[in-house]
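Hi,

Here is the structure I promised to pass on.

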Amino acid sequence: MSDQEHNGLEIIRHSTAHVMAEAVLQMFPEAKIAIGPAIEDGFYYDFDLPRPLTLDDLAEIENRMRAIIKGKHPFVCQVVSREEAAARFGDQPYKLELIRELPEGEPISIYQQDGFTDLCRGPHVANTSEINPQAFKLLSIAGAYWRGDENRPMLQRIYGTAWRSKEELEAYLKRLAEMEARDHRRLGKQLDLFSVHEEAGAGLIYWHPEGGRIRTAVEDFWRQEHYKNGYEIVYSPHIGRSWLWETSGHLGFYSENMYAPMAIDNVDYYIKPMNCPFHIMMYKTKTRSYRDLPLRWAELGTVYRYERSGVLHGLLRVRGFTQDDAHIFCTPEQIDAEILRVLRFSLHMWRSFGFEDIHAYLATRPPEKSVGEQARWDQATDSLRKALEEERMPYDIDEGGGAFYGPKIDLKIRDALGREWQMTTIQFDFNMSERFGMEYVAEDGTPRRPYMVHRALLGSLERFFGLLIEHYGGAFPVWLHPTQVRVIPIADRHAPYARQVETELRQAGLRVDVDASSDRLNAKIRNAQLLKIPYMLVVGDREAEGHQVSVRLRTEENLGSMTVDDFAARVQQVIAEKKGL
Ligand SMILES: [Zn+2]
Ligand SMILES: [Zn+2]
């Protein structure tokens, strides 16, 4: 979509919000109106109403909106004085509050269509007939605090969407339904993968056995690939004395994300929001020579960071998570090769998990308040750019968007529904190496400051799990699926043979179970299908006699009968190649 088309849609959406507010005021003349902006894919408007809205109300509001649209009412703009604006919205306290806060001397515009007037900057469509009555829909009702402040009144927010054509609307609704079906919170429950317990602490993830199997598969692969790619794996404590966080600077610039300290022997300790200072302590345990570098140290380090309760969201915004962290310490001469290496490794990992559509963002030095010599920034930024070009990665430059301590590359991953997820970060740090006084002995015998690079590849295991669930809609590729094979005995008398098949496949390294329930065959298949189990092995008399299994895929395709050994070999091959099925 071009910018112009996008702006056009935004104007249609925002104008539709005005029409919705008019319809709501028709139904509830005493309603107090708040604000109604366009948002991604739609719009909303907040209302203070005499009673809670129901979904039936939405249908009536939509009908009234269509009637208003039909009237071809122009949107008329008027610029008014502050007093006049206050008089026009005399019975609308939220609007009056907004008017009071407008800066002195700024023109105040109000827009009117039909019988409805709103305080608004615009722009809008010229008249209501530019809104397609077949291309909008009201979607949901939610509570929203006035100005997002939990001490202010709770308002009712109506969300809607608007498009140019009925076809566009239908395509969007289909996508929305697909997104809901893949929602990781819904699938997490349905597939029994994880839970969150408000009463035991918000934003903290409980990995159930099925989720635990997926995590183990991810971690095993992660460790193996890190060793293959020249990393060492380290482990560090969960808490650190205040000295550590003062030295790192976190207590200065990051304390609002850290939890309150606990006193141990009258000294403050903090639970870690990051792993970096621990890795630096390890670096400093001995004199490092240029011959020892680069060092690549990785850790699956569990950290805790404060997030406001309002923004917590399933696996995606949490308060405790395990970063797949690494730090690279190297000499200036090594950074080009190291950055290229870490970028290639990142791409290899994403592709292994089935993600091919990856876009990079290169963030450069912010114009003010940053640390480090310009020459180092230049060299580091250059190495990031060269690596992207060498790998022929599509990338955008985020000019001035780097952290105060160094430039970085972010990788955004596009999922099966075309949504971009910010995951990998490759980030230089000129601050911490300085604060901890890190050194190495150069070839000429003088002490030098090493380059330090933070790298989170998958981001965090929790968020990555959320992405995996939604990308695959729970139909994980075989190598990741918690239950790769389910053996289904046709009748009770086939249970012993089913158990035997289970044992043999387990010996072959597969994750397998038996449905020994009293359900009928069709119900057993349906249950396995709901769990998106890749292989269902139906066994009866014939299979038991020939030491065979009858293989059914979750795609409902039948592979027919084969021996247990042939089946095991086939699945092992699929796993080795990380294929879907
Ligand atoms: Zn407006
Ligand atoms: Zn770090």
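Which residues coordinate the zinc ion (ligand 1)? Keep in mind that this is a predicted model. The zinc ion (ligand 1) is held by His14, His18 and His124, each through NE2, and by Cys120 through SG, at 1.9 to 2.1 Å. The angles among the four donor atoms run from 91 to 130°, and the site is tetrahedral because all angles of a tetrahedral site must lie between 85 and 135 degrees.

Along the chain, the donor residues follow the spacing H-x3-H-x101-C-x3-H. His14 sits in helix α1 (residues 3-27), while Cys120 is in the loop between β6 (116-119) and β7 (136-145), so this pair ties together parts that lie 106 residues apart in sequence. Both His14 and Cys120 are buried.

Next, the sheet. There is an open sheet of eight strands with mixed pairing, in the order β11-β15-β16-β23-β20-β19-β17-β18. Its edge strands are β11 (232-233) and β18 (395-398), each of which pairs on one side only. The partner of β11 is β15 (residues 295-304): the two run in the parallel sense and share two bridges. Within that pairing, Ile233 has Ala298 in β15 as its bridge partner.

Is Glu543 buried or exposed? Its relative accessible area is 6%, so Glu543 counts as buried, the cut-off being under 20%. Leaving aside residues up to four places away in sequence, Glu543 touches Tyr497, Val538, Gln548, Val549, Ser550 and Ser561.

Cheers

Methods
Residues are numbered from 1 along each chain as its sequence is written. Chains are lettered from A and ligands numbered from 1 in the order in which they are written. This is a predicted model: local features need pLDDT of at least 70, side-chain atom pairs count only at pLDDT 80 or more; totals for chains, interfaces and linings use all residues. Side-chain values use heavy atoms; hydrogens and water are left out. Donors are N, O and S atoms within 2.8 Å of the metal (3.2 Å for Na, K and Ca); water is not among the atoms, so sites may look incomplete. Four donors count as tetrahedral if all angles lie between 85 and 135 degrees; four count as square planar and six as octahedral if opposite donors are over 155 degrees apart and all others between 65 and 115; anything else is irregular. Helices (H or I, at least four residues) and strands (E, at least two) are DSSP runs, numbered from the N terminus. Buried means under 20% relative accessible area, exposed over 50%, partly exposed in between (1.4 Å probe, protein chains only). Two strands pair if DSSP finds at least two bridges between them. Contact means heavy atoms within 4.5 Å.
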